[in-house]
Structure formats: C-alpha cells, structure tokens
Amino acid sequence: VKIDGAALALTYEDGRLVRGVTRGDGSEGEEITGNVRAIQDIPLQLHGSGWPTRMEVRGEVYIPHAAFARVNAEREAGGQDLLQNPRNAAAGALRQLDPAEARRRRLRFFAYQLLPLEGECAITRHSEALPQLEAWGFPVAAEWTRCRGLAEVQRTLAEWSDRIRTLAFDADGLVIKVDEFRLQEELGVIGGRVPRWAIARKFPAESAFTRLLDIEVNIGRTGALAPTAILEPVRVGGATVSRATLHNEEIIAQRDLRIGDIVEIIRSGEVIPKVLGPDRDKRTGAEVPWVAPSHCPICHTELVRPDGEVNRYCPNARCPGRAYEGLVHFVSRGAMDITGLGPERLRQLLEADIVHDAADLYTITPDALLALEGFAEQSAHALIEAIAASRGQPLRALLVALGIRHVGVAAAKSLARAFGSMSTLRAADVTALEALEGIGPTIAGSVAEFFADADSAAILDRLTALDVAQTEPQTGGDGPRPLAGLRVVLTGTLPSLSRTEAAHRIEAAGGTVTSSVSKKTDLVVAGAEAGEKRTKAEQLGIAIIDEAELLRRLASEA
C-alpha cells in the first residue's frame, strides 16, 4: 500500500543505526537522526544476524488515525491549534528540533525497502526483503502480495479500490514493484529519485457532502484576501474536514457558493480539502450569497482591487495578518529554510512580542526562547543555530523569502544571477529589470515598487546590519562553461536526468534555463512527450537536442 506519510532513509552500520535522513530531492536530504531515535518503531540495534555491513532502509513515518485523534484531543484540551492531517503532522514533527515532539505526536514507521551498500547480502528479491526486515526488528505493512503477471496486478488493484479506506492509517493507492533486485538495478532510477522499476497507482479521491456554514476571510503575506470555507465537520479520505480554501472571490462566484449550501468536498491528493460546488437540488431558499468585505478583517484598512486581478488586497504593510503569513513564508523551504521554526513557533514569537518582522528573527536570544512554553535549552540553542545558518543563504533565496508580489523561484533566480547583489538590484530601474529574460512589465513593476517602499527598505537595511548575506554565488566556478550565454528550455521526460538535475547542470555550465520557448531561446532539450514547446521550437527553427547530446555538450570543454 502507498502509505501517506513522510519518507525516511535510515543508515545502519554493523546493525546499528547511525543516521536518519529525509528524502529531500533524491540526492540530498535533511539529517534528523535525533528525532528518528525518538520513534519507538525504529530499532537502534538490529535483531538477529545476517545483515549487510552497511545498508540503507527506506520507509514511511506516519501517524495512525486513532493516535492522530488522541493527539488532537490533547492539543485541544491544552488550548493549542489542531493539526490539520496526519501526513503534515508527521512531516512537521520530523523537521522540528525537539525529539520530544516526535514522541508527543506518536509517530510510527513502516519499512518498505532494503538497499545493501557494503558487505554480503543473500537477499535477491523485494518479496524476500520485507520478511527479513521484520526479522531484523522493523515494522512492515502487512498488506502486500506478490503478483504473477499484470493481470493479477489489475485484479489486486480492483480489490483495493474500496479496501484502502478501511486501513488504520492514511494510504491513497498501491505501489507496484518489479520483484527481482537484478532487474531493478538493470532498469535504473531517473534523477536519483524516480525508479523505473516501480509505479504508484493512486485511487480516485473520496468525496463527501456537508453544509457550508460560513466563509471566513484572512489576509495572506502579500495582503491578498484569502476566503476559507467553514464546514460542518465531515469525514473525507480518512480525515475530518471542517475548513477548505476557496482561493478568491471569483471562484466563489463561479461555483455559485452560498452560505447554508450543501456542498461536495474532496481531499485533493488525499491532503488538501477542496469544495467542488453546491448541490443545488437541496437548496431551500434560505441560503445566503456571500459578499466580499470592503475592509481588512485584521487591521480594518480599506481593501483595494488592482485592475485585471481577481484578488482584493490589504495595502497596509504593517497589517498583523500579513506579518504572520509573511514570516511563515520567510522561514519556509525554498526561502530562508529555517529548520524548526514552523507556524506554531512563529505565532508564539509574535504573541510574546519577541518578533514583529523578518529582521527580528536574527535578534532572538536563547534566553528569550527559554521563557516560552515548549523550549528546553537544547531546542532553544538548536533553533538559534538554524537561524544563524540561514544568514548564508544566497540572494535568490532571500528574494523569494521577502515575498515580493509576482516574484517566484524562477524570477528570483533570474534577478539574483543578473545583478549579483541586493545593493545592485535595489539601484536598478524598471527598464533594466524588464530587459531580463522572464522578467516582464508586471514583475519589473512589482520589484521596483517593493524597493521604493520605505518599510521594505528599512527591513533590507536591518538585514544587512545583521549580517544576512545578500549576494549570489557565481555558478560554475573556474571550471568549463560550455553552455555560457545560452538560453535553454527543457521539455518532456528525460531518460535519466530529472528536470531539476538537468537545470542545475545547465546552469553550472553557464547556461540559463527558461520556462518558455521564444525567439531568444538558443536550445531546446526534448525528452518523451515533449509537446507544444518542441512544436514551437520547430516552427522558430531553434535547435532541438536529446539528453544524450546535452550530456555530450556538458562534458565538452568549450
């Protein structure tokens, strides 16, 4: 079964646990050995004998339904926010710096893969590895079977389409694997992460009907109005759903949602609750159309709606709602990536008046943390170290973290690569910004507006004074740059490289990866099912190469 939790890789040497790492991007994860040791299911010393000298065991950390309900009952009794779903709760506990939180959330573990790294191993099949893992002390999900041929696989899938919902833990489908290790090795892995010898078959999302009690509004980090459906609690896909995002008022109007409606709910990807629409046949006439507020529900500033946009915005940069959401974004992965500083910790810091903005994070002291509930000396110092480590993040990460409207990862990377430092970027005018590949008038205008704002300038000046790095390392170093100056577009599925890995290697070789084909594109790397981008490249007469040719060029000296 496809367990819906957080992937974990455990390294054992001579039968002893030495390291626990999250899956990350397939080649690099986050070491969380301290938290792993707090999970009772994971053996610190293997039972029996016969294991390889060094091996990796992969599996999934999860929270059973019953344990999740108990954890939330305890949190409710203690006045804490309820956890939204078991998968996020498990992943969040793993990333926190306090191993005690892993115990409090009753984390469990299922092993599902053995990878011998050094030494002898007599196991040659996956179906042999699972019972052997159990013999060594690992829990293994009992619901597995060995199928002879695809017809038997299809029958098994059909049997599980309803049975999957009866399990004591979240699962959203089945994983079908080639049994023989010899064949697994021959088939290989794409990009270090996607095996050709395994495929996941997810089942359709479960839906349910419930009443729309209200539509609550909040304010996001950019000031955008964020409507949320307040629902009569209903069980969907193994979780109780009482809230669901509605994105913006245009979607509410398109779906004709009214307060009091009976609405259909699904959990998209078995995680995110989504309102599909109302059951109009069950309307009584008492349902009330929703009217968007004219003022911010947090700071009461009059909302604005820019021309051509579907969202209303709170223009008050000091709005407390914007401050909280902005901090959540600032510390997130892809931004400053401060481990152990999740939404609950940030809310604590705001309520205790320790932080008000992103710059304040770099002034926190261990003593200030120790005065808060849930912090011990070890966890306080660990968080201070994580904050300090984020000072070295590259300019592109800081640009994402600042939450500039319309500036995502791709735009931040382009800006950082082109200007090299925050000071140079701050001095650039709109014309210089628009001249960059992938930076149009909308992004350029938003960037210029951000830097012209007095509050934004003050935050940047404080970050500079607090030694937060604001430069972009030059890629490629002194090595060969065979793709220097070339604009490259990736399309389709490459045989061995993931899209991310291919982009990293192109950029290290001096190239620039862009998302769309234009007259400025120099090269298109096309894989299977390339589609419209390849067609457009052919129409424009742009060179199209495959992965083999890309690798040949990357290996060349010029």
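Student: In which sense do strand β18 and β19 pair, and over how many bridges?

Tutor: Two strands pair if DSSP finds at least two bridges between them, strands being DSSP runs of E with at least two residues and helices runs of H or I with at least four, numbered from the N terminus. In this predicted model, β18 (residues 523–526) pairs with β19 in the parallel sense over 3 bridges. V524 stands opposite I544 in β19. Local features need pLDDT of at least 70 and side-chain atom pairs pLDDT 80 or more, while totals for chains, interfaces and linings use all residues. Residues are numbered from 1 along each chain as its sequence is written, and side-chain values use heavy atoms, without hydrogens and water.

Student: What is the strand order of the open sheet?

Tutor: The order of its 4 strands is β17-β16-β18-β19, with parallel pairing. β17 (512–514) and β19 (543–545) each have a single partner strand, so one side of each lacks a neighbour in the sheet.

Student: At what angle do helix α17 and helix α18 pack?

Tutor: Axes are lines fitted to C-alpha atoms, for helices over the stretch in contact, and angles between N-to-C directions run from 0 to 180 degrees. Helix α17 (residues 441–452) packs against helix α18 (residues 454–465) at about 75 degrees, with axes 5 Å apart. The two helices, α17 and α18, are therefore roughly perpendicular (65 to 115 degrees). Contact means heavy atoms within 4.5 Å; here F450, F451 and A452 in α17 meet A454, S456, A457 and L460 in α18.

How values were computed. Angles under 35 degrees count as roughly parallel, over 145 as roughly antiparallel, 65 to 115 as roughly perpendicular and the rest as oblique.
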